[in-house]
Structures are given as structure tokens and as C-alpha cells.
Amino acid sequence: MGERAIAGGDTMSVAEFQIAYNGPAMAAHTMDVQELGPALLAIGDLCREASQVINGDRVSSVKVRVKANFREGCFDITFELVEMFRRVSELLDSSDAVTAKNLLEWLGLVSAPFITYFGVLKWKKGRAIKTVEQTTDKTGGVAYNITVEGEKSTIQISSPVYNLYQSTRVRQAHQGMVAPLAAEGIDRIEVREKGRVISELTKEEYESGSFNVIPAEISPEEEL
């Protein structure tokens, strides 16, 4: 995993993440293809759209490869995110370029020392954003202080996470990823790292609307 230069001056950035669909229906290590297939495609779309939001046209292609694992009582899948940067300089010389590992951190698909895109959704619990205040973080980068309806406390999120949250395409792909939670016998989706659960997306959150897109929160450019 990491970054590798390839022929033609391009650079390949690679990182892995794990997702497990869990619940009583997984006891036989099987999952309905009509639920799994669209969810896998949605995970690929989520990574591609997130890369587009963060890296733009610096990346020539984004691929998500799958390696299936079987564990007791769940359908556990290891994914490999591959970003192909157009030139080595785009990755090494640009302060704006984000590697595959960084991108997975912003999304919350690997562990991160900050509030991720998934973290924002879990904190909001489907509530509408009340105020957004642009500020700077401890490193001097752009950040946003956010409050939601019915909540007095404020959270601060980075500009990349805020941009991911405002993307209609990212949000729609995420909805496809969590859609299997509507099925009977699938209770939660676990994001894992080296077999350890680092985050959960639950049926209760899905049914309460935590992952729904609120049109008023989408930027005008995205809505268009």
C-alpha cells in the first residue's frame, strides 16, 4: 500500500479498507446478490465521487477492487482503493493533492484523528444544519464550525469533510452503500481496520433518516 511511480510519469496511490455487513442473515456467510451488488457499486461510486470532490482532474482514474473474506456471522469485504495521478508532481508537489489513504480518512473508511464525513452524519442524526461559520483550524487551514437543530454544542470539521458532505453525488453513493440495512436480518455495517471495528452504521440510524440527503444543505452548484 502507498504511492508508486509507474511508466509514463504517472503515480499510483493505493490504500485498503474493510466493510462488513452484519446481522442474523449473515450467519450462513451468504448475502442476497440483489442487496450486495448495488451496495458494492455504491461503495465504488462513493470513492470515485469523493476523489473528484477533493482531487478534481489531478486524478486520471479511480478504481475500487474487492477481496471477499468470510467471518463468523458477517459478510466481510476488503476493498483496495487505487487512485491514478496524472503526474508524479501532482501528488508530490501539490499541497492540495490527497492520497488514497488520506481520502479514506476524510470519508471515515479508515481510522482518523479528526471528525470524518461518516462522523458528521452520526453526530447530526438526520437533523438539519442550523449555522455554519467558516474559521481556521490549529494548523491554519480552512475549517467550519457547525450547529444543528436541537443541539447547543458545536463541532468543527475540516474543509475537505465539509465539501464531501455538501456533494450530492457523494451523499447518494453513501445511501446506496447503506441500503442493505433496509433488508431483514442485516443490522449494521461495520467499518474495520485490520479486523478491528472502528465505526458502525446501524439499522436504527438508517431508519431514523440519519443518512438522508437534506436538499437545503446541498450547495447550489451541486444541486444544479
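The numbered points below describe a predicted model of one protein chain.

1. Overall make-up. The protein chain has 224 residues, of which 48% count as buried. Its secondary structure comprises eight helices and nine strands. Among contacts with a separation of 6 or more, 62% join residues 24 or more positions apart.

2. Confidence. The average pLDDT of the protein chain is 85, and 83% of the residues score at least 70. Strand β7 (residues 155-158) has the highest confidence, at 96, while helix α2 (residues 88-92) has the lowest, at a mean of 48. The pLDDT is below 50 over residues 89-95, and this stretch has 10 contacts in the model beyond near neighbours in sequence. The description of α2 should be read with that score in mind.

3. Helices α1 and α6. Helix α1 spans residues 33-55 and helix α6 spans residues 168-178; the two pack at an angle of about 160 degrees, with their axes 7 Å apart. An angle over 145 degrees counts as roughly antiparallel, and α1 and α6 are therefore roughly antiparallel to each other. Their crossing is left-handed. On the α1 side the contact is made by A39, A42, I43, D45, L46, E49, A50 and V53, and on the α6 side by R169, V170, A173, H174, G176 and M177. Sorted by class, the contact of α1 with α6 has nine nonpolar, two polar and three charged residues.

4. Helices α4 and α6. Helix α6 also packs with α4, here at an angle of about 75 degrees and with the axes 13 Å apart. That makes α4 roughly perpendicular to α6. From α4, the residues Y117, F118 and L121 meet V170, R171, H174 and M177 of α6. The contact of α4 with α6 has five nonpolar, one polar and one charged residues. V170, H174 and M177 of α6 are listed in the contact with α1 and also in the contact with α4.

5. R171 in α6. Where is R171 placed, and is R171 buried or exposed? R171 belongs to helix α6. With a relative accessible area of 1%, R171 is buried, because the cut-off for buried is under 20%. Leaving aside neighbours within four places in sequence, R171 is in contact with Y117, L121, Y165, F211, N212, V213 and I214. R171 and Y117 are 54 residues apart in sequence, and their C-alpha atoms are 9.9 Å apart in space.

6. Helix α5. Helix α5 covers residues 159-166 and is mostly covered, with six of its eight residues buried. These buried residues are S159, V161, Y162, L164, Y165 and Q166. One of them, Y165, is also in the contact list of R171.

7. Helix α3 and the residue after it. Helix α3 is largely enclosed by the rest of the structure, because six of its eight residues are buried. The buried residues in α3 are A100, L103, L104, E105, W106 and L107. Just after α3, G108 takes a positive phi of about 100 degrees.

8. V110. V110 sits in the loop between α3 (100-107) and α4. Although in a loop, V110 is buried, with a relative accessible area of 7%. Leaving aside neighbours within four places in sequence, V110 is in contact with E16, F17, K101, L104, E105, E193 and I198. L104 and E105 in this list are among the buried residues of α3. V110 and F17 are 93 residues apart in sequence and 6.2 Å apart in space, C-alpha to C-alpha.

9. Two lysines with positive phi. Most residues other than glycine have a negative phi. K125 has a phi near 55 degrees, a positive value in a residue other than glycine. K194 likewise has a positive phi, of about 55 degrees, and is not a glycine. K125 lies in the loop between α4 (117-124) and β5 (129-136), and K194 lies in the loop between β8 (188-193) and β9 (196-202). K125 is exposed, with a relative accessible area of 56%, and K194 also counts as exposed, at 84% relative accessibility.

Key
Residues are numbered from 1 along each chain as its sequence is written. This is a predicted model: local features need pLDDT of at least 70, side-chain atom pairs count only at pLDDT 80 or more; totals for chains, interfaces and linings use all residues. Side-chain values use heavy atoms; hydrogens and water are left out. Buried means under 20% relative accessible area, exposed over 50%, partly exposed in between (1.4 Å probe, protein chains only). Helices (H or I, at least four residues) and strands (E, at least two) are DSSP runs, numbered from the N terminus. Axes are lines fitted to C-alpha atoms, for helices over the stretch in contact, and angles run from 0 to 180 degrees between N-to-C directions. Angles under 35 degrees count as roughly parallel, over 145 as roughly antiparallel, 65 to 115 as roughly perpendicular and the rest as oblique. A crossing is left-handed if the near helix is turned anticlockwise from the far one by less than a right angle, and right-handed if clockwise. Contact means heavy atoms within 4.5 Å. Ala, Val, Leu, Ile, Met, Phe, Trp, Tyr, Cys and Pro count as nonpolar, Asp, Glu, Lys and Arg as charged, and the others, Gly among them, as polar. pLDDT is the predictor's confidence in each residue, from 0 to 100.
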